[in-house]
Amino acid sequence: MRILAVKTDPVVLEVLVELLVDRTGYDALAALTTQAAEAMLNDPVTQPFDCILIDADVDQAETLRFVTGLRAHPRHAVLPVLVLTSDVSKTALDGIFHAGATDIIAKPFEISALGGHLALAGHTAPPKGKPRLQDPIDLHAALSIFEAPAFIPRTAFENYAKQLSRHRHGGSPVFAFAISDIDALHRRLSPFAFHCMINDVAEVAATQMPDVPHLLTYAGAGVFMAAVADTWHPHTAPLAVAITLALRSANICDDADGPLQI
């Protein structure tokens, strides 16, 4: 595994990189600033990286900007990003995961525990390379969502839920909604059209919660999951009706431009 470590303290950064190499056997490169990290990520000489490790305590706002910008780039959209932080408040967790982090590592930590996090991040990372449009899509695959706001990958959503539990942030409502007859839609549509349909549904669903802080994910098999602010207790039946009505006017089509009733 090849890791890019980002931290502005040169002494700590040097020690961190040396420990990573000595204790885990991973190849690690260092960047003192997010700007330097961005240059290395786009430099064919230093590419590719398997994981990014960044310290949010140095400048949390800059860290969130860096991660958000990373996710906006197709080449780095699925690159695992682990954020080191001593602030594990729910507000901080919401911001870090909303920006696109794969997981957080609470400070202080043991290098052995860090190695475990890195190994897990590498194991759960989606395959590199953009899939071809004609490649078959498994019905149960946790597909990427590109256009809808507040959507994060399923692995990150699972990590977020674990962090809430680990740091005893109780009371966050979580609910799910599913596309009816997803098997029939999966058989009817080409892989490309099926992925587009899932993205369209995600975008429409997100519009029905415009003023509610939330994180959404696609879990596969037509199922979406949402974690919302603990001050909001969703009435799921009216929400399902609102999403369904919005889908009817969204003009979502099949491969032959025929309307889909979702």
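Colleague: In this predicted model, the charged end of which residue sits over the ring of Phe 49?
Modeller: A charge counts as sitting over a ring only if CZ of Arg or NZ of Lys is within 6 Å of the ring centre and within 35 degrees of the ring normal. Here the distance from the ring centre of Phe 49 is 5.1 Å. The residue is Arg 2.

Colleague: Is the pair of Phe 97 and Tyr 160 stacked, tilted or edge-to-face?
Modeller: The structure holds four aromatic pairs, by ring centres. For Phe 97 and Tyr 160 the centres are 5.4 Å apart and the planes stand at 70°. Planes over 60 degrees apart count as edge-to-face, so this pair is edge-to-face.

Colleague: How many residues apart are Phe 97 and Tyr 160?
Modeller: The pair links distant parts of the chain. Phe 97 lies in helix 4 (residues 90–99), and Tyr 160 lies in helix 6 (residues 154–166). Both residues are buried. They are 63 residues apart.

Colleague: Which strands stand at the edges of the open sheet?
Modeller: Three strands form the sheet, in the order 6-8-7, with antiparallel pairing.

Colleague: Which residue in strand 8 stands opposite Val 174?
Modeller: Strand 6 and strand 8 pair in the antiparallel sense, over five bridges. Strand 6 covers residues 174–178, and strand 8 covers 223–228. The residue opposite Val 174 is Ala 227.

Colleague: What is the reach of helix 8 from its first C-alpha to its last?
Modeller: Helix 8 (residues 191–207) has 17 residues. At 1.5 Å a residue, the expected span is 24 Å. The model comes close to this, with a reach of 25 Å.

Colleague: Which helices do the buried residues of helix 8 pack against?
Modeller: The buried residues of helix 8 include Phe 194, Ile 198 and Val 201. An α-helix has 3.6 residues a turn, so residues three or four places apart point the same way. The buried residues pack against strand 6, strand 7 and strand 8, and also against helix 7 (182–188) and helix 9 (236–248).

Conventions: Residues are numbered from 1 along each chain as its sequence is written. This is a predicted model: local features need pLDDT of at least 70, side-chain atom pairs count only at pLDDT 80 or more; totals for chains, interfaces and linings use all residues. Side-chain values use heavy atoms; hydrogens and water are left out. Helices (H or I, at least four residues) and strands (E, at least two) are DSSP runs, numbered from the N terminus. The expected span of a helix is 1.5 Å times one less than its number of residues. Buried means under 20% relative accessible area, exposed over 50%, partly exposed in between (1.4 Å probe, protein chains only). Contact means heavy atoms within 4.5 Å. Two strands pair if DSSP finds at least two bridges between them. Rings of Phe, Tyr and Trp (its six-membered ring) pair if their centres lie within 6.5 Å; planes under 30 degrees apart count as stacked, over 60 as edge-to-face and the rest as tilted.
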